[in-house]
Each structure stands twice: as structure tokens, then as C-alpha cells.
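Student: I would like to go through this model and ask what stands behind each label. Can we set the values against the cut-offs?

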Amino acid sequence: MNSPKSLLVQGYEVVIGFETHAQLATQSKIFSRAPTAFGAEPNTQACAVDMALPGTLPVMNREAVAHAIRLGLALGSHIAEESVFARKNYFYPDLPKGYQISQFEIPVVQGGEVSFLLGDEKKTVRLVRAHLEEDAGKSLHEDFIGQSGIDLNRAGTPLLEIVTEPDMRSSAEAVAYAKELHKIVTWIGVCDGNMQEGSFRCDANVSVRKPGAPLGTRREIKNLNSFKFMQQAMDYEIRWQIEQIEDGLEIQQATILFDPDTGETRAMRTKEDAADYRYFPDPDLPPLVVSREWVEQVRATMPELPRQMALRLVESYGLPEYDATTLTQSPAMAAYFETAAKASGQAKMASNWIMGEISRRLNAEEKDIAQVPVGAEVLAALLKRIADGTVSNNAAKQVMDALWSGDGGEVDAVIEAKGLKQMNDSGAVEKIIDEVLAANAEMVSQFKAGKDKAFNALVGMAMKASKGKANPQQVNDLLKQKLQ
């Protein structure tokens with residue numbers, strides 16, 4: 001495992017650790033049978049257990065534990081055979097019990113790591129733990145003049161809190177970690193990853209120090225629910241802390257919020273420590289026991305993980321690591337690539353088209369790969385026609401236009417209907433080149449005088465004269481022969 005490398009900002013080393021709350025993709029809450037669907041009318045999905053009415057008792061959701069096991073296996077963590085739930089005591093209007101059921105001293109998932117690429121450099125962030133807990137409700141302030149509304153629909157929603165060591169040394173590295181973790185939890189199906197709905201939200205612990213000095217005082221930026229705001233918040237906080245220290249002021253440990261409108265962070269409250277929460281074991285819940293047999297049952301259902309798949313794509317298809325990492329952003333994209341690569345026999349070309357032309361079109365329409373209107377088998381048929389010289393790459397993009405809009409039908413039919421078949425008759429190409437050279441004597445003289453741009457211009461003229469149907473490589477080769 002790599003050790004964190006220093007990336008100095010104004011002579012200071014940045015130190016970042018993350019706490020991520022991933023909402024588990026269960027049908028019901030962690031200790032009750034109330035549903036977890038997003039967007040219901042306020043307080044319509046909170047039952048007596050969630051509202052902490054007298055006489056109610058929590059009952060553990062088995063599927064939430066199975067999701068914790070899945071994450072532990074994906075991250076190379078130790079899954080505790082016995083873990084304990086505790087009461088985390090604090091008072092807030094949307095916390096009906098006056099405490100949150102969480103795990104403290106003995107979490108179910110312990111250790112592990114997340115590896116990812118930052119540019120061409122491999123980074124690894126160590127994990128401390130991932131523990132099960134319930135979510136609180138939500139306070140609503142916008143629609144109530146001078147008052148607040150309380151919606152308890154989220155109360156009791158199952159969460160995994162994933163905590164890292166302070167291993168990250170820049171905001172870019174921290175965002176890359178968050179993106180990789182987001183990919184993993186969605187890939188293995190334990191979380192839908194919807195950041196706008198609060199299913200995946202991050203808290204960043206940020207501090208700065210002079211190189212070699214002890215860790216600085218951290219401030220925790222709460223509830224970052226977009227990768228863009230995540231980076232902006234950390235960059236602002238890093239600059240702010242450095243300015244404070246340079247002005248001779250001390251950093252006070254605090255919980256802070258990021259305001260996207262101003263681009264600034266602001267303190268919400270001084271930061272509590274574990275002692276402030278008065279943790280003690282929850283008397284209503286026995287220890288959580290996870291048998292090795294259960295772990296193995298879950299392991300048998302695990303998909304191929306993205307990093308493992310990326311390595312396989314490098315080995316099996318000869319792809320660069322960058323391509324393999326990009327193509328394993330989601331199971332749907334990886335499956336699309338593999339189908340196109342196998343059917344066409346053109347793995348690198350398939351990779352280039354998916355990362356380029358296909359992704360460009362999807363991004364323009366704000367769609368993901370699952371909504372692609374051109375199937376992988378159809379893309380493969382087009383790639384074959386590029387590979388065998390039937391169409392040029394540029395003509396293939398015109399074919400893709402027709403396929404994308406649904407006007408085309410079969411690849412060969414589109415090529416025929418639009419007259420896009422590449423001219424491979426060397427005699428016909430040679431005739432076009434002779435005409436271009438005869439009509440552009442000045443350009444020929446410039447080339448012979450050593451001006452390379454003249455050659456490119458002649459190639460362009462020949463391609464234009466052929467209406468784009470000549471094989472560009474053939475044009476290049478024949479032109480060189482003629483000019484020599």
C-alpha cells in the first residue's frame with residue numbers, strides 16, 4: 001500500500017479524512033417494517049418504532065446486515081463475528097428517541113481499503129470501519145414562517161457509515177476516493193448512490209499542518225452531496241485554515257457547512273467528541289452475530305468487482321489501464337463494452353468509441369449507458385465496417401447519427417442508403433489525386449520547398465474531391481508516392 005504523499009499548499013500539508021453515510025437499499029427500515037421509499041408525503045412512512053412511542057422495541061433488519069457484509073467483502077475488510085449496538089445520545093427536534101442507535105466500540109465491518117487512480121498514479125485510502133446505524137428525521141424550515149416542520153420519514157432508515165484514516169493529501173484525491181467508493185456501493189447494489197436524494201452523503205474532516213508537524217486541528221464539513229461542491233468546499237476550507245494560521249489565529253475544532261451560493265464554509269457548532277454522546281450498549285438489542293457460513297453465502301452472490309474487472313480487461317483485451325478503469329464506471333458500461341468488443345473483434349476501437357462518440361452523445365442528452373439507443377451488437381457491426389475499410393471513421397459517425405435517431409435500421413443498409421461506402425479502388429483514387437496535383441501546382445511547389453502543411457492541404461483537397469469516400473490512408477500513401 002502506498003503511503004500518503006505530501007502536496008504542499010502555500011507551504012502547508014493538507015490532511016483529509018472522510019465519513020460517508022450510504023443509505024442501504026432495503027425495502028424497510030433498519031429496526032422496523034416501515035418503508036424507505038423516497039418522496040412520500042411527510043410523516044407517512046414513520047411507524048410507532050420510528051417515532052419511539054412507549055412500549056416499542058427495535059428488531060434488526062437482516063438484509064441491512066447482509067449489505068454490510070457485502071461492503072466488507074468488497075473492501076477487503078474484517079467482518080466481526082460479534083458486534084454491538086450502542087445508543088448515541090444527543091437532543092435534536094428530528095431525533096424522536098433523544099438518541100440514535102449506532103455502533104461504537106465494536107462495528108460490524110473493520111478495516112479494509114479503497115484503491116483508485118488519480119491521473120496515472122495509484123492511490124490507496126485505508127478504512128477504519130463501516131458501522132450500521134439508523135438515520136434521523138429531517139427538519140424543514142423553508143415552508144414555515146417563524147417555525148420548523150419535522151418530517152420523520154427518514155427516521156430509522158438504514159445507513160452504513162464508512163470512516164477512513166486521514167490518508168488523503170489533496171481535495172482532488174479526496175474527491176477521487178469519494179467517486180470510487182460511490183462506484184463500489186452502487187456496483188454491488190448496497191446503495192442506489194442518489195446524492196440529490198441524500199442516499200450517499202459525505203463529511204470531510206479537513207486540517208492543515210507544516211510538513212513533519214503533528215496533525216492539525218480538524219474541522220468537519222457536513223453533508224456534501226455533490227462531487228463538485230465537495231471539491232469547492234474543501235478548497236475553500238484549506239485556504240481559510242491556512243489564512244487563519246498565517247494570521248496567528250488558532251483553528252477551533254468545529255462542525256461546518258458549505259454554502260454553494262457563496263462558495264464559503266461557515267461554522268455550525270463546536271465539534272463534539274465521543275464522550276459528549278455518552279455512548280452505552282443498547283439494552284434492547286442483543287449483540288449482532290454474523291456466522292462465517294453467512295459470510296460465505298453472501299460472498300457466493302458477489303459480482304466481479306470493478307478493480308478486478310478492470311485488470312481482466314487489461315489482460316484479456318490488451319486495453320490501457322486508463323481505458324479499463326473508465327469502462328468499469330458501471331456494470332452496464334462494462335457489459336456494453338464486452339459485448340461490442342467480442343462481437344466486433346475490435347476491443348481498442350470499441351473502447352475508443354464508447355469513451356468518445358457514445359459517451360459524448362449520452363452526456364449531451366444527460367443519459368447514462370443503460371439508456372443508449374444503439375445496442376452493443378449494432379455498434380459492433382459498425383466497428384467491423386470501419387475495420388474492413390467499408391467506411392471511414394468520419395463516415396461511421398454519420399452512420400451513428402442515423403442509428404442514434406432511430407432512422408437507420410441495419411448498419412449496412414444505412415451505409416448503402418447514404419452512399420457512405422469508402423472508395424477503395426486505387427485507380428479511382430489515383431485519378432482524383434492526379435487531378436488535385438494538376439490543379440494545385442503552387443501547393444506542390446510549397447511541399448517540395450519543405451512546407452509540411454502543404455501536404456496536409458493536398459490530402460484535404462483529395463478527400464473533398466472524393467466526397468469523403470476515399471480511404472484516408474490510401475490517399476496519404478498514394479500522394480507520397482506521387483510527390484516523391
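This is a predicted model: local features need pLDDT of at least 70, side-chain atom pairs count only at pLDDT 80 or more; totals for chains, interfaces and linings use all residues.

Student: Why is Ser 32 called buried?

Tutor: Ser 32 has 9% relative accessibility, and buried means under 20%, so Ser 32 counts as buried. Ser 32 sits in the loop between β2 (12–23) and α1 (62–74).

Student: What makes the pair of Ser 32 and Asp 50 a polar contact?

Tutor: The two side chains meet at 3.0 Å, and the cut-off for a pair of N or O atoms is within 3.5 Å, so the pair qualifies on distance. Leaving aside residues up to four places away in sequence, Ser 32 touches Cys 47, Val 49, Asp 50 and Val 59.

Student: Which cavity does Ser 32 line?

Tutor: Ser 32 belongs to the lining of the second largest cavity, together with Ile 30, Phe 31, Val 49, Asp 50, Lys 97, Glu 134 and Gly 156. The space in that cavity is about 40 Å³. Its lining divides into three nonpolar, two polar and three charged residues.

Student: Which element gives the most to the lining of the second largest pocket?

Tutor: That is α2, with eight residues. The volume of this pocket is about 670 Å³, and 24 residues line it, with Lys 179, Glu 180, His 182, Phe 227 and Gln 329 nearest its centre. Two or more residues come from each of β8 (113–118), α2 and α6. By class, nine lining residues are nonpolar, 12 polar and three charged.

Student: How do you know that the span of α7 is close to the expected one?

Tutor: Helix α7, residues 331–344, has 14 residues and reaches 20 Å from first to last C-alpha. The expected value at 1.5 Å a residue is also 20 Å, so the span counts as close. Buried residues in α7 include Met 333, Tyr 336, Phe 337 and Glu 338. Their cover includes α2 (171–187), α5 (306–317), α6 (321–327), α8 (347–364) and α9 (376–387). After α7 comes Gly 345, with a positive phi near 70°.

Student: What span does α10 reach?

Tutor: Helix α10, residues 393–405, has 13 residues and reaches 19 Å, close to the 18 Å expected. Among its buried residues are Val 399, Met 400, Leu 403 and Trp 404. The buried residues of α10 pack against α8, α9 and α11 (411–417). Gly 406 follows α10 and has a positive phi near 85°.

Conventions
Residues are numbered from 1 along each chain as its sequence is written. Side-chain values use heavy atoms; hydrogens and water are left out. On a 1 Å grid over the protein atoms alone, a cavity is a set of points where a 1.4 Å probe fits but cannot get out, and a pocket is an open set with protein on both sides within 12 Å along at least five of seven lines; lining residues have an atom within 4 Å of a point. Grid points are joined across faces, edges and corners, and a volume is the space filled by probe spheres set on the points. Ala, Val, Leu, Ile, Met, Phe, Trp, Tyr, Cys and Pro count as nonpolar, Asp, Glu, Lys and Arg as charged, and the others, Gly among them, as polar. Helices (H or I, at least four residues) and strands (E, at least two) are DSSP runs, numbered from the N terminus. Buried means under 20% relative accessible area, exposed over 50%, partly exposed in between (1.4 Å probe, protein chains only). Contact means heavy atoms within 4.5 Å. A polar contact is a pair of N or O atoms within 3.5 Å; within protein, one must be able to donate a hydrogen and the other to accept it, and residues adjacent in sequence count only if both atoms are side-chain atoms.
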